[in-house]
Amino acid sequence: MPMSMSESEILSSTNLKSFSLEQLRRATSDFCEDDSLLGEGGFGCVFKGWLDEETLNATTPPSALPVAIKKLIPTGFQGHKEWLSEVTYLGRLRHPNLVKLIGYCLDGEDRILVYEFMPGGCLENLLFTRRNCPTLSWARRIKVAVGAARGLCFLHELESPVIYRDFKTSNVLLDSEFNAKLSDFGLAKAGPTESQTHVTTRVMGTEGYCDPRYLATGKLTVKCDVYSFGVVLLELLTGRAAIDETKFEEEKKLVNWARLHLNDNGKVFRIMDTRLQGQYCKRSAYIVANIALRCVNLDPKYRPPMTYILDILENLPSYKNHH
């Protein structure tokens with residue numbers, strides 16, 4: 001997937017639908033924040049819209065296909081570059097654990113993407129922000145971890161590997177059955193070729209999830225994704241965010257805090273999310289904590305590949321018992 005292709009070549013080489021701005025206005029009640037807004041971030045806003053399942057024309061519920069429509073803020077070159085990266089990767093790659101990109105709109109300064117709607121929302125909200133929701137059970141946490149690992153495995157095992165570069169709880173979306181799908185490929189990067197050991201690039205990512213070695217050197221490899229995956233595993237175990245500014249200095253960074261406790265005879269119960277009320281498989285928790293520690297090793301060569309991690313997760317007692 002060469003990013004050296006021109007914009008018109010990228011757009012014409014995908015199987016995506018090209019939407020007009022007017023169509024997407026109709027699909028979202030003119031991007032109405034009161035009725036359609038699902039969320040917002042640094043990139044812009046995400047709206048819920050409705051399309052006819054056969055024609056993909058704008059329509060209204062109930063007998064319509066719900067979609068998520070991401071409207072980027074016109075922030076110049078970088079915003080457009082990330083938009084084009086999404087189209088490049090999600091326009092060509094199809095996998096059950098990658099969110100499906102349906103189409104795009106390129107109209108003047110407007111940059112819009114249309115995705116399948118994920119009714120479960122993002123993992124970040126389920127773990128940290130939805131106060132009135134039931135606690136995410138241990139079995140569901142493992143199911144989410146397995147789904148996300150499958151998505152990363154798929155990217156890393158492609159003939160031309162793709163480095164996701166922004167793996168975090170807010171980019172893991174869930175369907176109604178808690179199947180996880182990776183979203184937001186704005187920072188994705190083609191991995192090193194056979195003759196290379198890494199890709200040197202400007203450091204991009206999210207604090208708390210970013211591989212410290214990559215931050216220091218700018219050398220990007222698939223092991224950077226493995227580090228981020230380890231951080232998310234720790235979030236699933238502990239119910240604590242990667243960075244928590246309300247904690248004392250030595251406890252702000254989840255990785256440092258968890259490492260402190262887990263290196264002490266592997267006493268996993270000390271870090272487990274108290275909202276689980278002890279309702280988890282102790283052996284599985286120990287295995288997940290151990291693999292998470294290996295993922296966040298400061299030396300990338302000691303981090304396991306995603307294929308190994310997925311195999312461990314799929315064979316956890318608490319995962320196999322529910323499947």
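How many cavities of 30 Å³ or more does a search of the whole structure find? The search finds 2. The views below come from a predicted model.

**View 1. The largest cavity and its lining.** The largest cavity holds about 70 Å³ of space. Its lining consists of 13 residues. Nearest the centre lie Arg165, Asp166, Tyr209, Cys210 and Ser228. Helix α8, residues 222-238, gives the most to this lining, with 3 residues. By class, the lining of the largest cavity has 6 nonpolar, 3 polar and 4 charged residues.

View 2. About 30 Å³ of space lies in the second largest cavity. Which residues line the second largest cavity? They are Leu123, Val144, Ala145, Ala148, Phe167, Val172, Phe229, Val232, Leu233 and Leu236. The largest share, 4 residues, comes from α8. The class count for the second largest cavity is 10 nonpolar, no polar and no charged residues.

**View 3. The second largest pocket.** This pocket contains about 280 Å³ of space. It is lined by 17 residues. Thr238, Gly239, Arg240, Ala241 and Arg275 lie nearest its centre. Which helix gives the most to the lining of the second largest pocket? Helix α5, residues 123-129, does, with 3 residues. The pocket lining divides into 7 charged, 6 nonpolar and 4 polar residues.

**View 4. The buried face of helix α9.** Helix α9 covers residues 254-262. Its buried residues are Leu254, Val255, Trp257, Ala258 and Leu262. Seen down the axis of α9, these residues fall within an arc of 165 degrees, so they line one face of the helix. What do the buried residues of α9 pack against? Their partners are α8 and α10, the latter spanning residues 282-295.

**View 5. Methionine 272 in the loop between α9 and α10.** Methionine 272 sits in the loop that links these helices. Is methionine 272 buried or exposed? Its relative accessibility is 7%, so methionine 272 counts as buried; the cut-off for buried is under 20%. Leaving aside neighbours within four places in sequence, methionine 272 is in contact with Trp138, Leu237, Thr238, Tyr280 and Ala285. One of these contacts, Thr238, is also among the residues nearest the centre of the second largest pocket. Glutamate 251 is 21 residues from methionine 272 along the chain. The C-alpha atoms of methionine 272 and glutamate 251 are separated by 15 Å.

**View 6. Serine 36 in helix α3.** Helix α3 runs over residues 33-36 and contains serine 36. At 7% relative accessibility, serine 36 counts as buried. Which backbone oxygen does the side chain of serine 36 reach? The side chain reaches the backbone oxygen of threonine 28, at 2.9 Å. Not counting residues up to four places away in sequence, serine 36 touches Thr28, Ser29, Val46, Phe47 and Lys48.

How values were computed:
Residues are numbered from 1 along each chain as its sequence is written. This is a predicted model: local features need pLDDT of at least 70, side-chain atom pairs count only at pLDDT 80 or more; totals for chains, interfaces and linings use all residues. Side-chain values use heavy atoms; hydrogens and water are left out. On a 1 Å grid over the protein atoms alone, a cavity is a set of points where a 1.4 Å probe fits but cannot get out, and a pocket is an open set with protein on both sides within 12 Å along at least five of seven lines; lining residues have an atom within 4 Å of a point. Grid points are joined across faces, edges and corners, and a volume is the space filled by probe spheres set on the points. Helices (H or I, at least four residues) and strands (E, at least two) are DSSP runs, numbered from the N terminus. Ala, Val, Leu, Ile, Met, Phe, Trp, Tyr, Cys and Pro count as nonpolar, Asp, Glu, Lys and Arg as charged, and the others, Gly among them, as polar. Buried means under 20% relative accessible area, exposed over 50%, partly exposed in between (1.4 Å probe, protein chains only). The arc is that of the directions from the helix axis to the C-beta atoms. Contact means heavy atoms within 4.5 Å. A polar contact is a pair of N or O atoms within 3.5 Å; within protein, one must be able to donate a hydrogen and the other to accept it, and residues adjacent in sequence count only if both atoms are side-chain atoms.
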